[in-house]
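The sequence and structure are shown first.

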Amino acid sequence: MAWLTIDGTNIDYPVVKHSDNDYYLHHLFNGEWNSSGCLFMDCSNQADFLDQHTIIYGHHMDNGSMFQNLMYYKDQSFYNEHPTAQLITPDGAYTVEFFAGYVTGVDGDAWQPDFASSEEFPEWLGNAKEKSLFESETTPTAGDRIVTLSTCSYEFYNARFVVHGTIKE
């Protein structure tokens, strides 16, 4: 579906998609079994990143691979040095401007795929920015496409760390 890179980190991987959200937890992009799995898009998302909210999952590996480096976004100085990612798709190259990163439970709204009203999405964006552990000058709008990077975190049972960004051409 894409290639995701965050300069200055170990995050430099292909992003794949399957008909479910389990397969790539333990398979590489070529189908080979691997405990690290690979980065994968939520099965409900469109492959072209044209959804209002696209979610990419990846394991938090102790060896520093996959999405482990997202943990550094808990620190303002790290964000200051790494405020963007590059997303390369078959349709073009995009910059992802990060605007929020925070710890949440699996029952949180970080992975909300759809928004019922035109007011709900801007409210969700504002809430995400309020929860953020870093401050960003990027202010998302209702017209933006959002990508969420999601991995396990260990502050509590079923904790996750998410980083939200806007997709810019």
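Eight strands close into a barrel with mixed pairing, in the order S1-S2-S3-S4-S7-S8-S6-S5. Neighbouring strands of this sheet are turned against each other by 30 degrees on average, direction ignored. Axes here are lines fitted to C-alpha atoms, for helices over the stretch in contact, and angles between N-to-C directions run from 0 to 180 degrees. Helices (H or I, at least four residues) and strands (E, at least two) are DSSP runs numbered from the N terminus, and two strands count as paired if DSSP finds at least two bridges between them.

The model is predicted: local features need pLDDT of at least 70 and side-chain atom pairs count only at pLDDT 80 or more, whereas totals for chains, interfaces and linings use all residues. Residues are numbered from 1 along each chain as its sequence is written, and side-chain values use heavy atoms, with hydrogens and water left out.

**Strand pairing**

Strands of a sheet pair through backbone hydrogen bonds, either parallel or antiparallel. Strand S1 (residues 2–5) runs antiparallel to strand S2 (residues 12–16), and four bridges join them. Within this pair, Thr 5 has Asp 12 in S2 as its bridge partner. The S1–S2 hairpin has six residues between its strands, and Gly 8 there adopts a positive phi near 80 degrees.

S1 is also joined to S5 by three bridges, again in the antiparallel sense; here the partner of Trp 3 is Ile 88 in S5. Strand S5 (residues 84–89) pairs in turn with strand S6 (residues 92–105), antiparallel and over six bridges. Leu 87 stands opposite Tyr 94 in S6.

Helix H2 (residues 120–131) lies across strand S4 (53–57), S6, strand S7 (146–152) and strand S8 (159–168), and it runs at about 65 degrees to S6. With twelve residues, H2 reaches 17 Å from its first C-alpha to its last, close to the 16 Å expected at 1.5 Å a residue; the expected span is 1.5 Å times one less than the number of residues.

Which residues of H2 are buried? They include Phe 121, Trp 124, Leu 125 and Ala 128, where buried means under 20% relative accessible area, exposed over 50% and partly exposed in between, with a 1.4 Å probe and protein chains only. Seen down the axis of H2, the buried residues fall within an arc of 100 degrees, so they line one face of the helix; the arc is that of the directions from the helix axis to the C-beta atoms. These buried residues pack against S4, S6, S7 and S8, contact being defined as heavy atoms within 4.5 Å. Glu 123 and Glu 130, on the other side of H2, are exposed.

**Salt bridges**

Side chains of opposite charge can pair when their charged atoms come close. The structure holds three salt bridges, each defined by a side-chain nitrogen of Lys or Arg within 4 Å of a carboxyl oxygen of Asp or Glu.

| Salt bridge | N to O distance |
|---|---|
| Lys 74 and Glu 155 | 2.4 Å |
| Lys 131 and Asp 109 | 3.2 Å |
| Asp 144 and Lys 168 | 3.1 Å |

In the salt bridge of Lys 74 with Glu 155, distant parts of the chain are linked: Lys 74 is in the loop between S4 and helix H1 (76–81), Glu 155 is in the loop between S7 and S8, and they are 81 residues apart. Lys 74 counts as partly exposed at 29% relative accessibility, as does Glu 155 at 41%.

The salt bridge between Lys 131 and Asp 109 likewise links distant parts of the chain, with Lys 131 in helix H2 and Asp 109 in the loop between S6 and H2, 22 residues apart. Lys 131 is partly exposed at 37% relative accessibility, and Asp 109 is partly exposed at 28%.

In the salt bridge of Asp 144 with Lys 168, Asp 144 lies in the loop between H2 and S7 and Lys 168 in strand S8, so the pair ties together parts that are 24 residues apart in sequence. Asp 144 is buried at 12% relative accessibility, whereas Lys 168 is partly exposed at 27%.

Ser 153 is located in the loop between S7 and S8. Is Ser 153 buried or exposed? With a relative accessible area of 3%, Ser 153 is buried. Leaving aside residues up to four places away in sequence, Ser 153 touches Met 71, Lys 74, Val 103, Ala 159, Arg 160 and Phe 161. Ser 153 and Leu 25 are 128 residues apart in sequence, and their C-alpha atoms are 16 Å apart in space.
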